[in-house]
Amino acid sequence: MKVGLVQEEGRTWSSYTTSSLPSDTRDAHICAAQLNVWYGDKLALHDVTLAVDRGTIAAVVGPSGCGKTSFLMCINRLTDMIPRCRVSGALHLDHLNLMSPTIDVLALRRRVGMVFQKPNPFPLSVWDNLALPLKEHGVRKRDELRQRIETVLREVGLWNDVKDRLGHSALALSGGQQQRVCLARALVLSPEVLLLDEPCSSLDPLSSGMIEDLIVSLRGRLTIVIVTHHLAQARRIADSVAVFWAQAGAGWLVESGPTQQIFDSPQHPITAAYIQGHRG
Amino acid sequence: MFSINTLSPSRSDYLLATVLRLCAVLSGVVLLLVVVFLVQEAFPALRHVGLVRLFTDDSWHPTEGLYNLLPMLWGTMLVTIGAVSLAAPLAILSAMFCQFYAPVSLARWYRRLIELLAGIPSVVYGFWGLVVLVPMIGNLHPPGPSLLAGMVVLAIMILPTIALLMEASLAAVPQEYLHGALALGLRRWTMIRNIVLPAARSGLFASAVLGVGRALGETMAVLMVCGNVVQIPHSVFAPVRTLTANIALEIAYAFGTHRSALFASGILLLLIVLGIVVVADAVKPRWTYGE
Amino acid sequence: MVNKRSSPWLPLFQERCVALVVWLAVGLVTTLFLWLVSEIVLQGIGVVSWEFILSAPQNAGRDGGIGPMLVATALIVGVCLGVSVPLGLGTAIVLAEYTNENRRLSQWVRRSLDVLAGVPSIVFGLFGHAFFCLFLGLGFSLLSGGMTLACMVLPLLIRSTEESLRAIPREYRLSAAALGLSRWTTVTRLLIPLALPGFAAGLILGVGRAMAETAALLFTSGYVDRFPTSLLDSGRALSVHIWDLAMNVPGGNSHAYASALVLVGLLFAINLTSSFIADQWKKHALT
C-alpha cells in the first residue's frame with residue numbers, strides 16, 4: 001500500500017537514472033534495479049538502479065546521509081543485521097538473487113568482503129583476526145593458515161611491520177595499519193566483490209594513499225564498490241561513478257556512468273553543481 | 001520481510017539458538033514462579049482477612065486474628081527515609097571527592113575502600129550495630145535498640161553502594177562540559193554546582209532511589225538493631241519492627257492465615273520495589289543502553 | 001542556577017568551605033569504616049586459627065569452630081552458581097543478541113528483571129520456602145537454599161551480562177557478519193570474550209550477595225550446625241551462624257567476631273582476586 005505509493009512517486013524520479021544506466025548490463029557483476037531500503041517507516045534509499053561490471057572499481061559519491069552505506073549493506077545483506085530494516089526491489093550478484101530469503105547469507109558474505117569507515121579489527125591478535133574467518137570457512141591446517149595469512153599480509157604491505165608480533169593485539173597498531181588489517185581480513189577469504197565504506201576517511205593522508213594504491217592494485221581481480229566523500233579520489237581510482245543525493249531524507253541515485261563522463265560532462269544539474277562545488 | 005532469526009543456515013546456529021532460548025524460557029519461568037507462588041500463598045489472607053483489614057485492624061496479633069501491617073510499614077518507611085537522608089549527602093560528597101577533590105592516587109585508594117565496604121555482608125553491619133552502636137544509643141537514651149540505630153546502621157550499609165553509583169554518574173558528565181568550564185576560568189565549586197551537578201542530576205537521583213530500594217529490603221541489620229517491637233514509633237529512640245524483620249521473625253512458626261499474611265507483606269514489599277524501579281527508570285539518564 | 005553576582009572574596013570563601021565539607025565527609029566515612037573493620041579484626045583475630053576454621057562448633061558455637069558452616073556456605077554458593085550461571089549467560093545472550101531492543105516483549109522482560117533484582121532477599125526466601133522446601137519437598141536443605149539464592153542472583157547476572165554485551169560496539173557484530181562468521185562463532189569467539197569482564201563483575205557481585213545472604217537462608221537451608229553429608233541435608237551458612245551467635249547465644253560474641261572476620265576476609269579475597277584476574281585478562285586481551 002505504502003510501498004506502491006512510494007514506488008509510484010519514484011518512477012518520475014528514476015527517469016534521470018534510467019538514461020544513464022550502463023548500456024550493457026548483461027555482463028554486470030552486481031545489478032540493482034529499483035532498490036529501496038527502509039529503516040522502520042523511514043525511506044533511506046529510493047529506487048536505485050545501478051550495475052557494476054566485473055573486475056572494475058565503482059565509486060559511490062554524494063553527501064552524508066544519502067544512503068551510500070545502505071546501498072553497500074544490501075550487497076552483502078548486512079541489512080539483515082539492522083533492526084526494522086526492510087529492502088525491496090531487485091538485486092543480483094551474477095545470477096544469485098540477493099533478495100531471496102532463502103540464500104545462504106554466510107556463503108554470500110564470504111564472496112563479498114567489506115571494510116568499514118572506522119578501522120575495526122577485532123580486539124584479538126593480528127593472527128586471530130585473520131585466522132578466525134579462515135577457520136570459520138573450513139581452513140584448519142596450520143600450514144595453510146600461515147601461508148594464506150602471510151600472503152594477504154604481504155599483499156596489504158603489512159607483513160614486514162607485523163611478522164614478529166602476529167600474536168599481539170591488533171588494537172596496538174596505528175590507525176592506518178589497523179585499516180590494512182581490516183582489508184587483509186576481508187581479502188583473506190578471497191572474495192570476488194569488495195565493498196569499501198569510506199575506507200580512508202578516518203586515516204591520515206599517508207595511510208590513505210597506501211590504501212588507495214592497494215585498491216588500485218586489486219583492479220581486475222575483484223569487483224570493488226567504494227563509497228567515498230573524496231571526489232578527487234573517486235576520479236583517480238574509479239572506472240565508473242554513481243552520484244547519490246538526499247531528498248527529504250531519502251537517498252536516490254542522481255546519475256551514474258563512466259568516471260570520465262561524470263566528471264567531464266555531467267548530465268544532471270545536481271551532479272554538475274556537486275562536482276563544481278568541489279572543484280571551486 | 002525477513003528477520004535476522006530466520007536466516008542462519010548453519011546447523012550449529014540453530015542448536016545455539018535453541019539452547020539459548022531454552023535458557024531464557026527457563027529463567028523466565030523461574031522468575032514468573034516467584035511471583036505466582038507469592039500470590040498463591042498470600043491469597044488466603046487476602047480472602048479471609050481482606051486488603052482493607054491488613055491496614056485497619058487494631059494491631060498485629062496474628063494469634064488473635066488481628067493483622068494490621070501498618071506499624072511495620074511505618075517502621076520500614078521511617079528507617080529507610082532516615083537511612084537515605086543520612087547516606088545520600090555523604091555519598092554525594094564522597095563522589096565529588098573522588099572525581100574533583102582528591103589527588104588521583106588518593107581517589108583510587110578511597111574508591112577501593114568503598115568497593116570493599118560495599119561487599120561487607122549486612123549481617124556484619126548488623127552485628128557491629130548490635131555490639132557497638134546499640135549500647136552507645138542505650139547510654140544516650142534507653143533502651144538502645146531503636147529506630148535511630150536502624151537508620152544509622154542502614155545508612156552506613158548503603159553508603160558505599162550509593163557513593164559508587166553517584167560517582168559513576170558524575171564521571172558520565174561529558175568531559176567537554178568540564179573543559180568548557182575550565183576554559184572559562186570557573187572555580188571548582190562553581191563548576192560543580194553550575195555544570196556538573198545539574199548535568200548529573202538524574203543519575204544522582206536514580207542512585208539515591210536505588211539506595212532506597214536497598215535499605216527497604218534489608219532484613220538482618222534492622223532485625224538486629226531495631227528492637228522489633230510492633231508499634232508506630234513516637235521518637236527515634238523507640239524500637240520498631242520493619243516488614244522484612246517481621247517476616248524473618250515469624251515465618252518459622254507461622255501457619256494458616258498468619259503465614260499467608262506474611263506472604264501478603266512480601267507482596268507489599270515487591271510492589272514498593274516495583275514503584276521504586278519505575279521511578280528510577282523514569283529519571284534514569286538515557287546513556288545506559290541504546291546505540 | 002546562575003551564579004549570583006558577588007564581591008570577589010565570597011566565591012573564594014565558598015570554595016574553601018565546600019572543600020572543607022568534602023574532606024570532612026570523607027574523613028567521617030573513612031573513620032567509620034576503619035572503626036568497623038578494626039573492631040572486627042581486633043576482636044576476631046585472637047580466636048581465628050586453623051583449628052577454628054576446620055573444627056565443628058561446640059556448646060552452641062561458643063566453643064569449637066566453623067568448619068561445617070564453611071562447607072555449607074561453599075555448597076550453597078556452589079548450587080547457586082551451578083544453576084544461575086548457565087541460565088543467566090544463556091538468557092543474557094538471548095536478550096542482547098536475539099531480540100530486537102525496541103520490541104515490546106524484551107523491554108518488559110528487562111523491566112521485570114530490574115524489579116526482581118531489587119526485590120528484598122527475604123521475599124525470595126519466602127518463595128524458596130514455599131516452592132523448594134514445601135512444594136518440591138526438598139525441605140530445609142542446602143539444595144533449597146542454593147536454588148533460592150540462584151533465583152535471587154539470576155536477575156543481577158542477566159542484567160550485568162546483557163549490559164556488557166550491549167556495550168560491545170555494533171561495528172564488531174557488523175564486521176563479523178560481513179566476514180560471514182556464523183552466529184555461533186560470533187557469540188563464542190568474539191562476544192562472550194568481550195563481555196567477560198561484565199559477566200565476571202556480575203558473577204562476583206552475585207557470589208558476594210550469595211555468601212553474604214542471611215535472611216533468605218534462615219528458612220530455606222536452615223540452622224543445623226553439623227557437617228552436611230549431602231545436598232539434601234540442612235546446613236547453616238556462615239552468615240546465619242554470625243546472626244545466631246549474636247542474637248541467640250549469650251556469650252557468643254567472640255566467636256561471632258571471629259566468624260565475621262572469616263566471612264569478610266573471604267569476601268575481600270574474592271573481590272581482590274576477581275579484579276586482579278580482570279586486569280590480567282584485559283592486559284592479555286590487548287597485547
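Two residues are taken to be in contact when heavy atoms of theirs lie within 4.5 Å. On that basis, residues 24 or more positions apart account for 71% of the contacts in chain B that have a separation of 6 or more. The model is predicted, and the values below are computed from it.

**Chain B**

The secondary structure of chain B comes to 11 helices and two strands, and the order of these elements along the sequence is α-α-β-β-α-α-α-α-α-α-α-α-α, with the strands following the opening pair of helices. The C-alpha trace of chain B spans about 70 × 65 × 30 Å along its principal axes. Chain B has 291 residues, and 53% of them count as buried.

**The interface of chain B and chain C**

Which chain gives 81 residues to the contact, and which gives 83? Chain B supplies the 81 residues and chain C the 83 residues. The area buried between chain B and chain C is about 7400 Å², with 78% of that area coming from carbon and sulfur atoms. Across this interface the count of salt bridges is zero, while five residue pairs, both members at pLDDT 80 or more, are in polar contact between chain B and chain C. On the side of chain B that touches chain C, helix α1 (residues 11–48) of chain B gives the most, with 17 residues. By class, that side of chain B holds 54 nonpolar, 15 polar and 12 charged residues.

**Salt bridges**

Over all chains, the structure holds 20 salt bridges.

| Salt bridge | N to O distance | Relative accessibility of the partners |
|---|---|---|
| Arg221(A) and Glu155(A) | 2.6 Å | Arg221(A) 56%, Glu155(A) 27% |
| Glu167(B) and Arg111(B) | 3.0 Å | Glu167(B) 8%, Arg111(B) 25% |
| Glu115(B) and Arg112(B) | 4.0 Å | Glu115(B) 35%, Arg112(B) 37% |

In chain A, Arg221(A) forms a salt bridge with Glu155(A). Because Arg221(A) lies in the loop between α8 (205–217) and β8 (223–227) of chain A, and Glu155(A) in helix α5 (residues 142–155) of chain A, the pair ties together parts that are 66 residues apart in sequence. Of these two partners, Arg221(A) counts as exposed, whereas Glu155(A) is partly exposed.

In chain B, the salt bridge between Glu167(B) and Arg111(B) also links distant parts of the chain, since Glu167(B) belongs to helix α6 (residues 147–171) of chain B and Arg111(B) to helix α4 (residues 104–118) of chain B, 56 residues apart. Glu167(B) counts as buried, and Arg111(B) is partly exposed.

The side chains of Glu115(B) and Arg112(B) meet in a salt bridge of another kind of setting, within one helix. The two residues are three residues apart in helix α4 of chain B, so about one helical turn separates them. Glu115(B) counts as partly exposed, and Arg112(B) is partly exposed too. In chain C, salt bridges that share partners join Arg110(C), Asp114(C), Arg159(C), Glu162(C), Glu163(C) and Arg166(C) into one network.

**Cysteines**

How many disulfides are there over all chains? The count comes to zero. A disulfide is a covalent bond between the sulfur atoms of two cysteines, and the rule used here asks for sulfur atoms within 2.5 Å. The sulfur of Cys74(A) has its closest cysteine sulfur in Cys85(A), 6.7 Å away, and therefore too far for a bond. Cys74(A) is buried, with a relative accessible area of 3%. Cys133(C) is likewise in no disulfide, the nearest cysteine sulfur being that of Cys151(C) at 12 Å, and Cys133(C) is buried, with a relative accessible area of 4%.

**Ser234(C)**

Ser234(C) is found in the loop between α9 (215–218) and α10 (238–248) of chain C. Is this residue, Ser234(C), buried or exposed? At 16% relative accessibility, Ser234(C) counts as buried, because the cut-off for buried is under 20%. A polar atom of the side chain of Ser234(C) lies 2.8 Å from the backbone oxygen of Ser221(C). Leaving aside neighbours within four places in sequence, Ser234(C) is in contact with Phe140(C), Ser141(C), Ser221(C), Gly222(C), Tyr223(C) and Val224(C).

Methods: Residues are numbered from 1 along each chain as its sequence is written. Chains are lettered from A and ligands numbered from 1 in the order in which they are written. Side-chain values use heavy atoms; hydrogens and water are left out. Buried area is the accessible area (1.4 Å probe) that two parts lose on being put together, summed over both. A polar contact is a pair of N or O atoms within 3.5 Å; within protein, one must be able to donate a hydrogen and the other to accept it, and residues adjacent in sequence count only if both atoms are side-chain atoms. Helices (H or I, at least four residues) and strands (E, at least two) are DSSP runs, numbered from the N terminus. Ala, Val, Leu, Ile, Met, Phe, Trp, Tyr, Cys and Pro count as nonpolar, Asp, Glu, Lys and Arg as charged, and the others, Gly among them, as polar. Buried means under 20% relative accessible area, exposed over 50%, partly exposed in between (1.4 Å probe, protein chains only).
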